[in-house]
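Reader: I would like to go through this model with you. Please show it first, then I will ask.

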Amino acid sequence: AVIDFERREEISSIAMNFIQTRRQRVFYPEKLIISVSDNGKNYREIGVVKNQSAKADSSSQNQKFELKLAKPIMARYIQVKAAISDDKFILTDEIIIY
């Protein structure tokens with residue numbers, strides 16, 4: 001996903017909530033890769049959030065993946081990539097940016 005604020009904005013955290021339902025092959029991403037840009041073409045990576053969940057049951061679960069920056073940055077565009085294996089699906093409800 002790419003978010004365009006239409007002007008440079010201060011960013012201090014980026015988060016996404018995911019659901020996992022193993023019976024339906026819906027899993028948490030292996031990691032989130034978060035990058036920013038001022039022109040929408042040249043992105044620089046500002047962080048990676050790795051899946052820390054070790055739960056192996058088949059019930060539905062929710063997990064928040066969040067990158068909190070030590071120091072706020074300015075950017076116009078935010079790019080979020082959720083990495084997952086080809087035979088799995090991911091479900092998220094929103095991207096939360098502060």
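Reader: How far apart are the mean positions of the positive and negative charges of the protein chain?

Author: This is a predicted model, where local features need pLDDT of at least 70, side-chain atom pairs count only at pLDDT 80 or more, and totals for chains, interfaces and linings use all residues. Residues are numbered from 1 along each chain as its sequence is written, and side-chain values use heavy atoms, with hydrogens and water left out. Lys and Arg count as positive, Asp and Glu as negative, while His and the chain ends are not counted; each charge is placed at NZ of Lys, CZ of Arg, CG of Asp or CD of Glu. For the 16 positive and 13 negative charges of the protein chain, the mean positions are apart by 4 Å.

Reader: What pattern does the protein chain follow along the sequence?

Author: Helices (H or I, at least four residues) and strands (E, at least two) are DSSP runs, numbered from the N terminus. The protein chain has 0 helices and 5 strands. Read along the sequence, the pattern is β-β-β-β-β.

Reader: Is S37 buried or exposed?

Author: S37 is found in strand β2 (residues 31–37). Buried means under 20% relative accessible area, exposed over 50%, and partly exposed in between (1.4 Å probe, protein chains only). The relative accessible area of S37 is 3%, so S37 is buried.

Reader: Which residue has its backbone oxygen 3.0 Å from a polar atom of the S37 side chain?

Author: Contact means heavy atoms within 4.5 Å. Leaving aside neighbours within four places in sequence, S37 is in contact with N42, Y43, A75, R76 and Y77. A polar contact is a pair of N or O atoms within 3.5 Å; within protein, one must be able to donate a hydrogen and the other to accept it, and residues adjacent in sequence count only if both atoms are side-chain atoms. The S37 side chain makes one with the side chain of N39 (3.0 Å), and the backbone oxygen in question belongs to N42.
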